[in-house]
Number of protein chains: 2
Amino acid sequence: MHRVHLRKPDGRSLWLYATTPLPEGLEAPSPNQQPVVPGSHLRWHPLRGEWVAYASHRQHRTFLPPPEWNPLAVTRDPAAPTEVPEGPWQVAVFENLFPTLSPLAPDPPDAIVETRPGRGACEVVVFTQDPGASLGGLPLDQVALIVDVWADRTRELGARDDVEYVFPFENRGVEVGVTLHHPHGQIYAYPFVPPVAARELAEQKAHFERTGRGLLADLLAAELRDEARRVIYSGELALAVVPVCARHPYEVWVAPRRAVPSLPELTHEERVDFARALKTVLMKYDAMWQRPFPYIMALHQAPTDGRVHPEAHVHVEFYPAYRMPGRLKYQAGSESGAGVFTADTLPEDTARALQAVEVSVD
Amino acid sequence: MHRVHLRKPDGRSLWLYATTPLPEGLEAPSPNQQPVVPGSHLRWHPLRGEWVAYASHRQHRTFLPPPEWNPLAVTRDPAAPTEVPEGPWQVAVFENLFPTLSPLAPDPPDAIVETRPGRGACEVVVFTQDPGASLGGLPLDQVALIVDVWADRTRELGARDDVEYVFPFENRGVEVGVTLHHPHGQIYAYPFVPPVAARELAEQKAHFERTGRGLLADLLAAELRDEARRVIYSGELALAVVPVCARHPYEVWVAPRRAVPSLPELTHEERVDFARALKTVLMKYDAMWQRPFPYIMALHQAPTDGRVHPEAHVHVEFYPAYRMPGRLKYQAGSESGAGVFTADTLPEDTARALQAVEVSVD
């Protein structure tokens with residue numbers, strides 16, 4: 001993997017990645033020319049015991065692009081700069097123009113609950129130069145490069161003092177609020193371990209201390225022993241499964257077979273098989289109902305809080321938006337107000353539907 | 001409050017409530033005539049440490065009403081029975097025809113994670129006989145009666161051995177998945193303390209043990225001391241406030257001033273002022289943008305797990321669907337995948353907007 005780091009005129013960073021060397025002389029464009037002044041802060045939610053992020057500067061954006069404009073397309077006209085330059089790069093990452101978390105976040109005013117600056121990072125990951133592609137439709141080596149990029153960002157962001165957790169994710173589809181359809185994901189680097197990760201890590205830690213084994217590795221082994229009834233992809237080094245305890249319809253988890261805590265610790269071969277598992281799931285999603293399948297993709301890994309996390313096992317969780325064609329799954333009273341997910345479909349049934357979809361990855 | 005309990009032809013219960021005595025001879029109709037056979041079960045989610053409910057019989061409903069049919073309207077034609085009879089009742093409660101939780105749930109088959117029957121209850125609360133009304137638009141004494149009904153159901157359901165938590169809620173609007181617009185809420189009675197309630201109770205308990213005071217009562221006192229900047233309703237016995245740590249845009253909490261653990265322990269006067277606070281918030285919501293305001297309303301109170309909960313403080317949390325007119329707030333990667341809520345608006349600003357809306361409750 002090759003990488004160059006560039007600085008945009010407004011001070012933001014841009015990283016370009018490729019599998020072959022990148023030329024000298026690339027320049028970082030920006031649709032915005034003024035220095036970026038983030039103003040977000042965090043407030044403590046005493047009843048839930050968690051941080052809430054306020055980025056109220058996002059409502060007062062100085063730069064308002066026209067709705068059909070694609071800031072993730074390469075800059076063709078220097079008079080109308082986008083976020084990425086022309087050139088032989090394959091994946092690009094840049095700091096979000098309106099970040100919820102930023103190393104530049106100022107000290108917030110006092111409040112009746114604890115507050116702190118919204119430090120950390122919000123980055124955009126441009127998956128490809130092709131605005132009409134999709135993550136699952138990219139060639140396998142491009143998906144593998146994206147996994148390498150996530151690992152590189154995890155390493156670099158995780159080394160920062162103000163970052164305790166690096167969270168790559170993708171929101172796909174208008175159904176989950178996406179207005180920009182050029183294939184891209186995001187990375188949030190939080191200055192604390194977020195609640196969902198903290199919860200999963202606590203369960204994993206208790207299991208590890210009790211058994212000396214990984215909780216997810218044990219669950220994956222049980223999935224295989226259970227006639228692999230819910231297994232969607234079974235590679236030499238990676239698996240994809242509709243978990244027996246799926247909270248969302250057609251929820252799928254992708255994980256390396258080995259209990260590796262985070263992306264940077266995967267071997268090259270593991271990353272490639274992890275990419276193949278991801279691509280297999282995404283192709284099945286899109287082929288199942290013959291239409292782009294909206295989802296949230298969340299990558300969970302070990303915190304970068306300076307401690308070792310032998311209990312952690314890096315994995316991706318896909319949360320689809322639909323429960324059947326044209327029928328959204330809403331998170332209503334029970335899910336939002338009580339935290340109890342209710343499913344109308346059994347994981348065995350959604351797994352069978354996904355298993356039946358034939359796709360060719362290589 | 002007066003109440004009669006009736007049995008539907010399919011075995012389900014119906015309770016009718018009114019402030020004046022109800023006549024003899026009321027009969028409980030049902031659009032369904034066959035005995036109800038629920039088949040839901042719970043599976044343990046080892047990574048999150050929580051139960052997930054599967055009600056796969058809901059996908060295979062034998063009774064499929066036409067889309068425009070209103071099962072919550074009173075039965076006018078005995079040949080087309082609905083869920084509620086004619087008569088002078090004001091609020092009706094019945095067991096859901098397709099419950100996610102039911103006392104009749106059978107033992108589930110084994111799985112690779114722990115399972116248990118989906119015991120508990122799912123009830124529908126019909127707020128009024130008027131299909132065109134809304135909770136906030138009802139007269140104050142009707143809203144107060146609904147609070148009394150929630151208290152009555154909490155008492156009765158909470159006394160059951162298979163119920164550890166009684167959760168009244170309302171989903172309002174197509175934006176949160178509601179297809180039936182007759183004003184109604186629901187009550188889920190869980191056989192465990194659900195994760196959100198458990199989290200809030202743990203924080204409240206730690207605070208109570210440290211200080212001898214209620215966490216929410218202390219927060220409400222701090223809200224009042226902070227120039228009541230975010231206070232929406234300040235009654236003698238109840239408050240409504242945009243909490244300083246709001247996770248949702250225009251989120252509002254309604255609570256009695258006194259740290260009462262659950263609804264049945266409120267005095268009559270407290271319930272009336274609680275109802276007035278609810279109605280004030282709801283009228284402001286609908287008047288603010290001159291259109292029905294979609295939301296999830298969640299009522300949190302003490303568990304019914306046989307322990308005392310002096311740390312609990314009953315309250316309602318409203319989670320609105322929109323962040324501005326026509327712009328839904330999505331729970332995407334950060335919210336769903338990491339559990340970190342990000343807000344574009346400050347609680348002070350949404351509170352000011354709600355304060356500016358003048359409504360007359362009495």
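This is a predicted model: local features need pLDDT of at least 70, side-chain atom pairs count only at pLDDT 80 or more; totals for chains, interfaces and linings use all residues.
Residues are numbered from 1 along each chain as its sequence is written, with chains lettered from A and ligands numbered from 1 in the order in which they are written. Local features need pLDDT of at least 70 and side-chain atom pairs count only at pLDDT 80 or more, while totals for chains, interfaces and linings use all residues.

Chain A is assigned domain 1 (2-195) and domain 2 (197-356), with bounds from an automatic or database domain assignment. Taken over C-alpha atoms, the centres of the two domains of chain A are 24 Å apart. Contact (C-beta atoms, placed from the backbone, within 7 Å) joins 29 residues of domain 1 of chain A to 31 residues of domain 2 of chain A. On the domain 1 side, helix H1 (140-158) and strand S8 (165-172) of chain A each supply at least two residues; helices (H or I, at least four residues) and strands (E, at least two) are DSSP runs, numbered from the N terminus. H1(A) gives the most to this side, with 10 residues.

In chain B, helix H1 (residues 140-158) and helix H4 (residues 268-288) pack at an angle of about 115°, and their axes are 8 Å apart. Axes are lines fitted to C-alpha atoms, for helices over the stretch in contact, and angles run from 0 to 180 degrees between N-to-C directions. Residues of H1(B) in the contact include B:Leu140, B:Val143 and B:Asp148; among those of H4(B) are B:Arg271, B:Phe274 and B:Lys279.

Note on methods: Two residues are in contact if their C-beta atoms, placed from the backbone, lie within 7 Å.
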